[in-house]
Amino acid sequence: MIIKSVSYEEVLKTIRDKKNLIPILMLTAKAEIDDKVEGLDLGANDYLTKPFAAKELLARIRTMIRTQTTQTESILHVGNITLNRATFELTSPTGSFRLANKEFQMMELFLCNQGHSITHKRLMEKIWGDEKQVQTNVVWMYISYLRKKLEALHANLQITEASHAEYILEVGG
């Protein structure tokens, strides 16, 4: 078996060329400013030189996780559709809509569960919760609103009925 030695430069370049946003913390003995700058410029999120205190390492890891979570959680992307959780904007290459609160909650639930069926009951529980005065047909009404918006945006995904009272977000062509 032949094992090829790979440099950290190659590893960082490969990861970032694939648009992988995984947080990368470099732990190294290379403490020169030029080494640090090179590592960060190649795609590392942070750079820590040896020797280091475990307490500092853990603090840097927590910071990276916090930053990564904030960045990835604000935007959902499925097919050619993007949902911005901060602005409630549903966007495609052809336009965008600002969704009403219940539309946003429903679309977010579908995007987070893309390819999996969601029951009418779960939609009612997650979006309308304890609202006693809500009719069950409100789910169908909001699905209709979202379907029309997805169609207007020329989305390559659609909300379909998986079975009676179950819906699924599917990505196509």
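**Talking through a predicted model**

Modeller: Let's start with H154, which sits in the loop between α6 and β8. Keep in mind that this is a predicted model.

Colleague: Why does H154 count as exposed?

Modeller: Exposed means over 50% relative accessible area. H154 comes out at 57%, so it counts as exposed.

Colleague: Then what about W140 and K126, which class does each get?

Modeller: W140, in helix α6 (residues 138-152), has 46% relative accessibility, which is under the 50% limit, so it counts as partly exposed. K126, in helix α5 (residues 120-128), has 52%, which is over that limit, so it counts as exposed.

Colleague: What does K126 touch beyond its sequence neighbours?

Modeller: Leaving aside residues within four places in sequence, K126 is in contact with Q105 and L109.

Colleague: What makes L58, I61 and I65 a nonpolar surface patch?

Modeller: Patch members need over 30% relative accessible area and no salt bridge, and nonpolar side chains are joined within 5 Å. Take I61, in helix α3 (residues 54-73): its 34% is over that cut-off, so it clears the area test. The patch made by L58, I61 and I65 covers about 260 Å².

Colleague: Moving inside, what makes a set of residues a nonpolar core?

Modeller: The residues must be buried, of nonpolar types such as Leu or Met, and joined through side-chain atoms within 4.5 Å. The largest such core has 29 residues, and M106, M107, F110, L123 and V139 have the most contacts inside it. Several elements each supply at least two residues of this core, including α4 (101-112), α5 and α6. Apart from it lies another core, of five residues, among them I24, M26, A44 and Y47.

Colleague: Which residues does M106 contact, sequence neighbours aside?

Modeller: Beyond four places in sequence, M106 is in contact with L123, I127, W128, V139, Y142, I143 and L146.

Colleague: Why are β7 and β8 called edge strands?

Modeller: The open sheet has the order β7-β9-β8, with antiparallel pairing. β7 (118-119) and β8 each have a single partner strand, so one side of each is left without a neighbour in the sheet.

Colleague: How do you know that β7 and β9 really pair?

Modeller: Pairing takes at least two bridges. β7 and β9 have two, so they qualify. T119 stands opposite E166 in β9.

Colleague: Last one: what kind of peptide bond joins K50 and P51?

Modeller: A cis one, with omega about -10 degrees. Most peptide bonds are trans. P51 lies in the loop between β2 (46-49) and α3.

Methods: Residues are numbered from 1 along each chain as its sequence is written. This is a predicted model: local features need pLDDT of at least 70, side-chain atom pairs count only at pLDDT 80 or more; totals for chains, interfaces and linings use all residues. Side-chain values use heavy atoms; hydrogens and water are left out. Helices (H or I, at least four residues) and strands (E, at least two) are DSSP runs, numbered from the N terminus. Buried means under 20% relative accessible area, exposed over 50%, partly exposed in between (1.4 Å probe, protein chains only). Contact means heavy atoms within 4.5 Å. Patches are made of residues with over 30% relative accessible area and no salt bridge: like charges are joined within 9 Å, nonpolar side chains (Val, Leu, Ile, Met, Phe, Trp, Tyr) within 5 Å. Accessible areas come from the Shrake-Rupley method with a 1.4 Å probe; for residues, only the protein chains shown count as cover. A salt bridge is a side-chain nitrogen of Lys or Arg within 4 Å of a carboxyl oxygen of Asp or Glu.
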